[in-house]
Amino acid sequence: FETAQDIARVARSRPGALIKIAPQSATTALVKVKQGQNARDVAIEIMERVPGVIPMESAKMLQAQRGQIVGLLSTVLGLMVVIWALAVVFIGLVFTMTVAGRRRQIGVLAALGAPPGFIVRSLLAEGAVLGLAGGLGGILLALTFGITLAAPLSEGLGMPFSFPGPAALVALGFGGLALALLSVAVAALIPTLRISRREPAPGV
């Protein structure tokens with residue numbers, strides 16, 4: 001705000017066209033340097049002649065913006081990893097309670113001669129079905145909210161909001177399903193192996 005207004009104020013005292021900027025409408029102004037002039041010298045001159053203005057060369061400005069975006073993406077990625085780890089732990093706890101409640105059924109299967117590998121595969125297959133159902137539900141909810149909130153977000157942020165292409169959406173969908181299956185497999189593996197190695201007599 002002050003930067004643009006100061007540039008407009010200084011421009012009024014110079015010959016040529018005036019810079020017309022509405023109050024509270026801009027925070028920066030782009031200065032086009034004539035061919036043959038040094039951008040660094042122009043930036044130094046602006047700093048000396050216009051008080052309160054901080055000139056920044058375009059390369060440095062883009063580098064600063066890139067650094068901010070990279071920092072934001074790193075923070076978001078870190079939060080997603082933490083949330084995924086907590087979700088895996090929570091799924092593991094729920095699966096442990098579920099397997100403990102079916103101890104008698106698992107004991108009967110073991111007493112009838114079912115090998116531990118069969119029990120492990122059965123429990124993991126059940127977890128995979130639940131993981132696929134949860135992944136598909138999450139994808140449908142994400143698409144529903146994305147389509148519903150696209151217009152309000154675009155209006156609120158003042159910038160266009162566009163979905164990825166069909167190929168990217170399919171790839172993201174398969175990636176989400178794969179992550180859901182991996183999460184369930186990691187969370188269910190330890191309690192499944194633990195219950196499959198027990199003797200059948202206590203469970204019966």
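# Close-up views of an all-helix predicted model

**View 1. Helix α2 has a buried side.** Val42, Ala43 and Ile46 are buried in α2 (buried means under 20% relative accessible area, exposed over 50%, and partly exposed in between, with a 1.4 Å probe and protein chains only). Because the buried residues of α2 fall within an arc of 100° when seen down its axis, they line one face of the helix; the arc is that of the directions from the helix axis to the C-beta atoms. An α-helix has 3.6 residues a turn, so residues three or four places apart point the same way. The structure shown is a predicted model, in which local features need pLDDT of at least 70 and side-chain atom pairs count only at pLDDT 80 or more, while totals for chains, interfaces and linings use all residues. Residues are numbered from 1 along each chain as its sequence is written, and side-chain values use heavy atoms, with hydrogens and water left out.

**View 2. The whole chain is built from helices.** The secondary structure comes to 7 helices and 0 strands, and from the N terminus on the elements run α-α-α-α-α-α-α. Helices (H or I, at least four residues) and strands (E, at least two) are DSSP runs, numbered from the N terminus. Of the 204 residues in the chain, 19% are buried. The accessible surface comes to about 15000 Å², and 70% of this belongs to carbon and sulfur atoms; areas come from the Shrake-Rupley method with a 1.4 Å probe, and for residues only the protein chains shown count as cover. Among contacts between residues at least 6 apart in sequence, 64% join residues at least 24 apart (contact means heavy atoms within 4.5 Å).

**View 3. A salt bridge joins arginine 49 and glutamate 45.** Their side chains meet at 3.3 Å, N to O, and a search of the whole structure finds 1 salt bridge. The term stands for a side-chain nitrogen of Lys or Arg within 4 Å of a carboxyl oxygen of Asp or Glu. Arginine 49 and glutamate 45 are 4 residues apart in helix α2 (residues 39-49), which means about one helical turn separates them. Arginine 49 is partly exposed at 49% relative accessible area, and glutamate 45 is partly exposed at 36%.

**View 4. The largest nonpolar core has 8 residues.** Its members are Phe95, Val99, Ile106, Ala114, Ile119, Leu123, Ala188 and Ile195. Such a core is a set of buried Ala, Val, Leu, Ile, Met, Phe, Trp, Tyr and Cys residues joined through side-chain atoms within 4.5 Å. At least two residues of this core come from each of α3 (58-101), α5 and α6. Not counting residues up to four places away in sequence, isoleucine 195 touches Val99, Arg103, Ile106 and Leu123. Alanine 114 lies in the loop between α4 (103-111) and α5 and is buried, with a relative accessible area of 17%. Leaving aside neighbours within four places in sequence, alanine 114 is in contact with Leu109 and Ile119.

**View 5. Leu143, Ile147, Phe163, Leu169 and Leu172 make a nonpolar surface patch.** The patch covers about 460 Å². Helices α5 (116-157) and α6 (166-196) are the elements that give two or more residues to this patch. Patches are made of residues with over 30% relative accessible area and no salt bridge, like charges being joined within 9 Å and nonpolar side chains (Val, Leu, Ile, Met, Phe, Trp, Tyr) within 5 Å. Leucine 169 lies in helix α6 and is partly exposed at 33% relative accessible area.
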